Amino acid sequence: MIVPSQLHVPVAALLVALLALCVMLALRGRARRARAGAPDERVERLTLALWATGERYWDYDVASGQLRHTTCAMVAPDGSEVVERTAPIETLLHPEDRPIAREALARYLQGDGSGRLQVQLRVAIDGDDWRWVRARGRAVARDRDGAVLRIAGTALDITATRAAEREHRIAAEVLRSMREAVAVIDAQFRYVSVNPAFLRMTGYTESEVLGQDARLLDDNSDSEDVSRHLREQATRHGHWSGELRQRRKDGEQFLATVECRTVHDADLGTPLHVFVLNDITHQKRAEQELRYLANFDTLTSLPNRSLLSERLSRAIARAQDTGRRIAVLFLDLDRFKDINDSLGHAAGDRILRAAATRVQQTVGMHHTVARLGGDEFTIVIENLDEAQAADRIAREIIHAFEAPLRIDERRQITISPSLGISVYPDHARGPTELLKQADIAMYQAKAAGRRTFMRYDDAMDIAARRRTTLTGALREVLDRGELRLALQPRHSMALDGIASVEALLRWHSPTLGEIPPSEFIPIAEESGLIHEIGEWVLREACRTILDWRRQGLADISVSVNVSLLQLLRGDFPGVVRRVLDEVGFPPERLELELTESVLMADAEHAAARLQALRTMGVSLAIDDFGTGYSSLAYLKRLPITTIKIDKAFVAGLPDDPEDAAITTTVITMAHALGRTVVAEGVETEAQLRFLAERGCDELQGYWISRPLPPAQCLAFVRERPAHGPAAAGTGPVAPP
């Protein structure tokens, strides 16, 4: 046996070196085995990081299309193991997202592979539930030519994030598209966010608003109190709503409805106040206009029928408590339709406004004056002790209209009212009945001659019903042939005989009997039938006198009455010309009579029509002269040929000194102006002699003859001696 000490020294050294090498190799093997049995610290840190972020690992083999992936986010701190699965990538992707994945992979592989692949897809990692993931990866293996063999990376579940982002985008889009202005204000009531509608509404830019105090828009005189109350309610109760007057950047005021709700910031835990504002300026203005239209007349600004009824009902309730009376006055402007048609609706509107002002000024602002429509007004007078007090107010109104109404800088017009009066509780106890009865009384005032007033009584109901009946019957009067003419002779002092006759209209109804002109003529005027009836009268009168002329009475003229409605509405001169041409009647033998009030209602406009008639050769007469309020200046300018003194002045002759003075003055004035004078209503020889001594040109009345049917009148004219009216009869002729 050989022992070391006996070996050669070099051999011993070699053995020691071999032994050391074996020991070192053994130690290295142990180290490798130790490393294989426990995770490396870096790997552990990476694993924890992936778990903390929720990332999943994946590894894609380009050639096979297989995807190896983990079913959880690596190893959890509790030591749960990682489960890896391998499947074709197409089976994991949502069918709609597969083209997106192929396109993204193709773009990545077409490059040099140095970049990062990133795509968002829906995948089924843990079952059939599709989840949105954001996948990111890089090439981890290439072949010798540099082609990518494997791509590895991580995937993060972003389903919840995408849903939150979607909700945020929707909310943001809703705010941007809202018509309502939205502002978010912090706990210190400073703006932190506003939407575009807020900027449009206020005129500010976003930079001018953010960070500013919420009082930026306040425009209340008590803005401090309102702002303090709003903040207290929003802070204490979490909500507030109301209306605030605000001011835009340019200083314009606007009214806004404001809804405030308080929410809490999830991150900071501080309250945020969300304000929603709606500009209701135009809406409020429209509501006010609607309320105004519902209660007031737009032309005159007076209360309308609706508000009148409401006020009258309240007045009745007050009168029931106090025991005092209420008067309802129904006012209608006389012949307004004629004036409106002749001057035009614009001038008519100005007349109505002026009339409304005149009435309100007369009765005072403390009484209700309402316009019901057209030219109808109603006045409510409260706190009356007796019914007669309403008469005094009616007289004051009529007197107030004696002064002309100015309709523009150059023109003024005189128009009269007719009024009807009903009294609570004497006549009725309800608003509707009071208005109805005042209306009925007003029509009675019209029938009584206009420019007056009447107080209601029960007999007026009968008259109102008769008026309705006459209106219906009058519409068919021409077709039924119920109209006829009566002719009243006029005696000429110069010719000492009958020079002309006046055509008077009569209506005899088989069912209603004889209806006087004073009853049916106003109805014809108001209904518009006066045009047809007036043309019939004109044609029939011309035909009758033309027939007389053919029988030898060539010097007889005829006078026909004309209403203002005929004169001023339509082409009345054209109507006269057409009738004269159709009948073949000489215009110089036709005289048209118009009442004084008719001419003075619109003298300027009437003058042009009258001049056209005079140009044709037709004579013109003012009937009932002295009963109206003629202007001598207008009388001089109008082409009038004859003035007829009203029978009211003739009746007092010769004993009444005032009638005598007026009659004498009218005759003298008319002759000075070159006009012929006719006295109406002559019934006594004393009247005849007085008029003859004053130089009156013609006489008309029962002393000469009552109105006669055409055949009897023709006989009267033929048989009348030519040497004076007194010798022709035995005294006054009794009225029919």
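Of the 736 residues in the chain, 44% are buried. The model is a predicted one. Its secondary structure amounts to 27 helices and 27 strands.

**Chain as a whole**
- The accessible surface of the chain is about 38,400 Å², and carbon and sulfur atoms account for 52% of that surface.
- When contacts in the chain between residues at least 6 apart in sequence are taken together, 60% of them join residues at least 24 apart.

**Glutamine 687**
- Helix α26, spanning residues 685-693, contains glutamine 687.
- Glutamine 687 has a relative accessible area of 5%, and it therefore counts as buried, the cut-off being under 20%.
- Leaving aside residues up to four places away in sequence, glutamine 687 touches Val650, Ala651, Leu653, Gly681 and Val682.

**Second largest cavity**
- Cavities of 30 Å³ or more number 2 in the structure, and the second largest cavity holds about 40 Å³ of space.
- The lining of the second largest cavity consists of Ala315, Arg318, Ala319, Thr322, Arg324, Arg325, Ile326, Glu382 and Asn383.
- Two or more residues of that lining come from each of α10 (305-322), β12 (325-333) and β14 (376-384).
- Helix α10 contributes the most to the lining of the second largest cavity, giving 4 residues.
- Sorted by class, the lining of the second largest cavity comprises 4 charged, 3 nonpolar and 2 polar residues.

Key: Residues numbered from 1 in each chain as written. Predicted model: local features only at pLDDT ≥ 70, side-chain atom pairs only at ≥ 80, totals over all residues. Heavy atoms only, no water. Buried < 20%, exposed > 50% of the residue type's maximum accessible area, 1.4 Å probe, protein only. Contact = heavy atoms within 4.5 Å. Areas by Shrake-Rupley, 256 points an atom, 1.4 Å probe, with all protein chains shown as cover. 1 Å grid on protein atoms, 1.4 Å probe; cavity = no way out; pocket = protein on both sides within 12 Å on 5 of 7 lines; lining within 4 Å. Points joined across faces, edges and corners; volume = space filled by probe spheres on them. Nonpolar A, V, L, I, M, F, W, Y, C, P; charged D, E, K, R; others polar.
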